[in-house]
Amino acid sequence: MKKEGIKPKDLITVGIFTAIMFVVCMAVAMLGYMPIFIPLLTVLIPLVGGIPFMLFLTKTKKFGMVTIMSVLIGLIISLMGMGVWVILTAPVCGVLADLIFCSGGYGSVKKSILGYGVFSMWLIGNYIPIVMTRDSYFENLAQGGYGQEYAETLMRYIPDWSLLPLLAASFVFGILGALLGRAVLKKHFVRAGIA
Amino acid sequence: MAKEFLKSGADSRKSLLDPRTKILLVITIAAIVLGGGSGRRMNVIRPALTAIPFVLFLLEKKWRLAAAYAFSYGLAYWGGIFLIPVTAGFCNSLLVAFCGIFAKFMPGIAMGAYLMNTTTVSEFMAAMERIHLPQKLSIPLSVVFRFFPTVREEYGAIGDAMRMRGIRFGGGKPFRMLEYRLIPLMVSCVKIGDELSAAALTRGLGAPVKRTNICRIGFGVCDAIAMIICIISIFLFLADKFAG
C-alpha cells in the first residue's frame with residue numbers, strides 16, 4: 001500500500017456509508033419500541049450492518065476512514081440525544097477496528113471479519129447509561145413518556161451483569177454479520193461490479 | 001420537504017440564525033427534551049424548548065412544516081393525555097410507548113429539520129470552518145446530512161419498482177426482504193455517491209488551496225436571544241440534575 005493521505009473522494013465515500021449505516025441502524029432500532037428488542041439490538045444491528053460495512057471496506061484502503069466513520073456515528077447518535085457514551089465508545093472501537101484492518105492491509109478476509117466484530121462493540125455505549133445510572137434512567141423513562149410498564153420491563157431485560165454478555169453478543173454477531181456481509185458481497189456486489 | 005434537506009440552491013433570503021446557533025439549538029433541545037429530568041423547573045423549560053422549532057418555522061415562513069409539527073406533536077400529546085386513561089392492556093402499552101416516544105422525539109427532529117431546511121451546504125461548511133472542525137470531519141458530515149433524504153427517496157423508488165412486479169415485503173420472508181430492499185438501495189447509493197464526488201471534485205473540493213466561501217455567516221440579535229435561551233436551559237437542566 002502506498003502511503004497516501006485521505007482524499008476528498010474518500011471523505012465523500014465515508015459520508016455516504018455512514019449515512020447508509022445510520023439509516024440501517026435506525027430502521028432496526030425502531031424495533032426497540034418493544035422492550036424485548038432493546039437487548040436484541042446487539043444481535044440485529046451488527047448482523048444487518050455487516051452488509052453495508054463489508055461493502056464500505058472494499059472502498060477503504062487507507063488508515064483513518066473507519067475511524068472517521070466511527071467518530072461521525074458517535075457524533076450523530078449523541079446529537080440526536082441517544083446517549084453521550086457512544087461519543088466515547090464509537091471512536092475507541094473505530095480506532096481499534098481500523099488498526100486491525102490496517103494490519104491486514106485492508107484486504108485480508110480474516111482481519112476484516114475480526115475488525116467488524118470489534119467495530120460493532122460501539123453499541124455498548126447505548127447500554128452503559130442503563131446500568132451505570134439505572135435509577136435516573138428508570139425515572140426518566142417512566143416519567144418521560146415511555147410509561148411505567150415499558151421502563152420496568154426494560155430494566156428486567158437488562159440486569160446489572162448484562163453489560164459483558166451484551167458486549168460479547170455485539171462482537172460475536174458482528175463477526176456473523178461480517179460473514180453475512182461477505183456472502184452478500186460475493187453474491188451481488190461483485191457481480192454488479194461495484195465492489 | 002424531503003428534497004429540501006440541506007438545500008443546495010441559494011435562497012434569496014438570508015436565514016434568521018447562524019448555522020452554529022442552529023446546531024447549538026439542536027443539541028440543547030435533543031439533550032433536554034429527550035434526556036431531561038422532570039423537576040419543577042424542567043416543566044417550564046421543556047414546553048418552551050418544544051415551542052422553539054414551531055416559532056422558528058413561523059418566522060422563516062415555513063408554514064407547512066410549522067403546521068405539520070404542531071399537528072403531529074399535538075396529536076401525540078393529547079393522545080397521551082386523553083386516550084391512555086381509557087384504554088387498557090396491550091393496546092394501552094402500545095399507545096403509551098407510541099405517544100410518549102413520539103412526543104419526546106418530535107421536538108428534536110423538528111429542530112433538525114429546521115437546521116437542514118434553512119441551511120445551505122455552503123453555509124454549513126462555512127460554519128464548520130469557523131469552529132475549526134477539520135475538513136476530514138466536516139466533509140463527510142455534510143455528505144451524511146445531504147444523503148439522508150436521498151436514501152429515503154431511493155428506498156421509496158425501490159418500493160415502487162417492487163410493487164410494480166408484485167413483490168411485497170419480500171414475499172413474506174423477512175430475510176428476503178433484507179436482500180430485496182437493502183441491496184438495490186446500496187447499489188444505487190454507491191452510484192449516486194460516485195457522481196456526487198465527481199461533481200464535488202470538479203468544483204474544486206480538496207484543491208490544495210484554502211477554500212473561500214461567499215456565504216456571509218455571523219451572529220446577530222436573533223442568535224444572541226437563541227443562545228441565551230440555550231444557556232439558561234442548559235444551566236437549569238444541569239442544576240436540576242445534580243443539585244436538585
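Me: Which angles count as oblique between two axes, and which as roughly parallel, roughly perpendicular or roughly antiparallel?

Reply: Angles under 35 degrees count as roughly parallel, and those over 145 as roughly antiparallel. Angles of 65 to 115 degrees are roughly perpendicular. The rest count as oblique.

Me: How do α1(A) and α6(B) lie to each other?

Reply: This is a predicted model. In it, helix α1 (residues 8-29) of chain A packs with helix α6 (residues 135-164) of chain B at an angle of about 45°, and their axes are 7 Å apart. The two helices are therefore oblique.

Me: What is the handedness of the crossing of α1(A) and α6(B), and how many nonpolar residues are in their contact?

Reply: The crossing is right-handed. α1(A) contributes residues including L11(A), I12(A) and V23(A), while α6(B) contributes residues including I139(B), F147(B) and V151(B). By class, the contact has one charged residue, two polar and 15 nonpolar.

Me: Which element gives the largest share of the side of chain B that touches chain A?

Reply: Across the two chains, 42 residues of chain B are in contact with 37 residues of chain A. On chain B, the elements giving two or more residues to that side are α1 (19-35), α4 (89-118), α6 and α7 (174-202). Of these residues, 30 are nonpolar, 10 polar and two charged. The largest share is 12 residues, and it comes from α7(B).

Me: What percentage of the residues of chain B count as buried?

Reply: Chain B has eight helices and zero strands. Among its contacts between residues at least 6 apart in sequence, 75% join residues at least 24 apart. Of its 244 residues, the share that counts as buried is 32%.

Me: At roughly what angle do α2(A) and α9(A) cross?

Reply: Now look within chain A. The crossing of α2(A) and α9(A) is right-handed. Their contact has 18 nonpolar, seven polar and one charged residues. The axes of helix α2 (residues 37-59) and helix α9 (residues 163-192) come within 6 Å, and they cross at roughly 35°.

Me: Is F173(A) buried or exposed?

Reply: F173(A) lies in helix α9 of chain A. Beyond its neighbours within four places in sequence, F173(A) is in contact with T42(A), V43(A), P46(A), L47(A) and S120(A). A residue needs 20 or more other C-beta atoms within 10 Å to count as buried. F173(A) has 24, so it is buried.

Me: Why does F189(A) count as buried?

Reply: F189(A) is also found in helix α9 of chain A. The cut-off for a buried residue is 20 or more other C-beta atoms within 10 Å. F189(A) counts as buried because its C-beta neighbours inside 10 Å number 20.

Me: How far does helix α4 of chain A reach from its first C-alpha to its last?

Reply: Helix α4 (residues 86-103) of chain A has 18 residues. At 1.5 Å a residue, the expected span is 26 Å. The model comes close to that, at 25 Å.

Me: Which helices do the buried residues of α4(A) pack against?

Reply: The buried residues of α4(A) include V86(A), C93(A), I100(A) and F101(A). G105(A), with a positive phi near 65°, follows the helix. In chain A, the buried residues of α4(A) pack against α2, α3 (65-79) and α5 (109-120).

Methods:
Residues are numbered from 1 along each chain as its sequence is written. Chains are lettered from A and ligands numbered from 1 in the order in which they are written. This is a predicted model: local features need pLDDT of at least 70, side-chain atom pairs count only at pLDDT 80 or more; totals for chains, interfaces and linings use all residues. Axes are lines fitted to C-alpha atoms, for helices over the stretch in contact, and angles run from 0 to 180 degrees between N-to-C directions. Helices (H or I, at least four residues) and strands (E, at least two) are DSSP runs, numbered from the N terminus. A crossing is left-handed if the near helix is turned anticlockwise from the far one by less than a right angle, and right-handed if clockwise. Two residues are in contact if their C-beta atoms, placed from the backbone, lie within 7 Å. Ala, Val, Leu, Ile, Met, Phe, Trp, Tyr, Cys and Pro count as nonpolar, Asp, Glu, Lys and Arg as charged, and the others, Gly among them, as polar. A residue is buried if 20 or more other C-beta atoms lie within 10 Å of its own, exposed if 12 or fewer, and partly exposed in between; C-beta atoms are placed from the backbone. The expected span of a helix is 1.5 Å times one less than its number of residues.
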